[in-house]
Amino acid sequence: MALSAALLAAAGGLTQRIHEGVVARGFEGLRPAHGFAFARLAPDGATATDLAVHLGVTKQAAGQLVDELVRKGYAERRPHPADARARLVVLTERGRACTRAAEEAAAEAVRAWAGVIGEGGVRTLHGLLAHVAPNGPLRPSW
């Protein structure tokens with residue numbers, strides 16, 4: 001398997017494990033793409049335009065995603081503190097709890113990797129990937 005394919009497979013598997021862990025913790029009605037939105041919204045919120053750039057989607061698609069998160073109680077719109085024309089999208093307590101659940105599920109998934117490649121292997125992998133992609137972005141591979 002080519003390195004690029006192995007990295008994509010690992011990322012896809014990790015995304016799936018996190019999603020399954022979130023659902024197992026009682027957070028339903030979400031898709032893995034929502035988690036990538038949560039990563040941008042936490043901790044201080046973002047505008048729908050910021051979210052569109054982060055996810056690599058149109059403003060309309062980001063707006064639909066925000067509508068869905070608001071409707072499901074994971075996020076809310078607030079006045080933007082620095083721009084009266086904009087709305088800031090922030091996670092609700094339910095959204096923050098879901099983010100914590102995702103972090104727990106991610107830690108479990110990485111612990112499983114340690115069972116395969118050892119703790120040292122996980123530390124090495126983390127260090128190497130941090131050099132290759134130091135600042136993300138953290139977005140789905142549409």
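Visitor: What is the relative accessible area of L129?

Guide: This is a predicted model, in which local features need pLDDT of at least 70 and side-chain atom pairs count only at pLDDT 80 or more, while totals for chains, interfaces and linings use all residues. Residues are numbered from 1 along each chain as its sequence is written, and side-chain values use heavy atoms, with hydrogens and water left out. L129 lies in helix α5, where helices (H or I, at least four residues) and strands (E, at least two) are DSSP runs numbered from the N terminus. L129 is partly exposed, a class between buried (under 20% relative accessible area) and exposed (over 50%), with a 1.4 Å probe and protein chains only, and its relative accessible area is 37%.

Visitor: Which residues form a nonpolar patch on the surface together with L129?

Guide: Patches are made of residues with over 30% relative accessible area and no salt bridge, like charges being joined within 9 Å and nonpolar side chains (Val, Leu, Ile, Met, Phe, Trp, Tyr) within 5 Å. The accessible area of this patch is about 280 Å², by the Shrake-Rupley method with a 1.4 Å probe, where for residues only the protein chains shown count as cover. Besides L129, the members of the patch are L3 and L7.

Visitor: How many residues apart in sequence are the parts that R25 and E104 tie together?

Guide: The structure holds ten salt bridges, each being a side-chain nitrogen of Lys or Arg within 4 Å of a carboxyl oxygen of Asp or Glu. In one of them the side chains of R25 and E104 meet, at 3.0 Å from N to O. R25 lies in the loop between α1 (3-24) and α2 (32-41), whereas E104 is in helix α5 (residues 93-132), so the distance in sequence between the parts tied together is 79 residues.

Visitor: Which residue is linked with R25 and E104 in a network of salt bridges?

Guide: R25 is partly exposed, with a relative accessible area of 28%, and E104 is also classed as partly exposed, at 44%. The network of salt bridges that contains R25 and E104 also includes E108.

Visitor: Which helix holds D50, the salt-bridge partner of R40?

Guide: The side chains of R40 and D50 meet in a salt bridge of 3.9 Å, N to O. The two residues are ten residues apart and link distant parts of the chain, with R40 in helix α2 and D50 in helix α3 (residues 48-55). R40 is partly exposed at 29% relative accessibility, D50 is partly exposed at 31%, and the helix that holds D50 is α3.

Visitor: By about how many helical turns are E93 and R96 separated?

Guide: E93 forms a salt bridge with R96, and their closest N and O atoms are 3.1 Å apart. An α-helix has 3.6 residues a turn, so residues three or four places apart point the same way. Because E93 and R96 are three residues apart in helix α5, their separation is about one helical turn.

Visitor: Which residues does H19 touch, not counting residues up to four places away in sequence?

Guide: H19 is found in helix α1 and counts as buried, at 17% relative accessibility. Contact means heavy atoms within 4.5 Å, and with residues up to four places away in sequence left out, H19 touches L30, R31 and P32.

Visitor: How many degrees around the axis do the buried residues of α3 cover?

Guide: The buried residues of α3 are L51, A52, H54 and L55. They lie on the same side of α3, because their arc, taken from the directions from the helix axis to the C-beta atoms, is only 165 degrees.

Visitor: Which residue does a cis peptide bond join to A42?

Guide: The bond has an omega of about 0 degrees.
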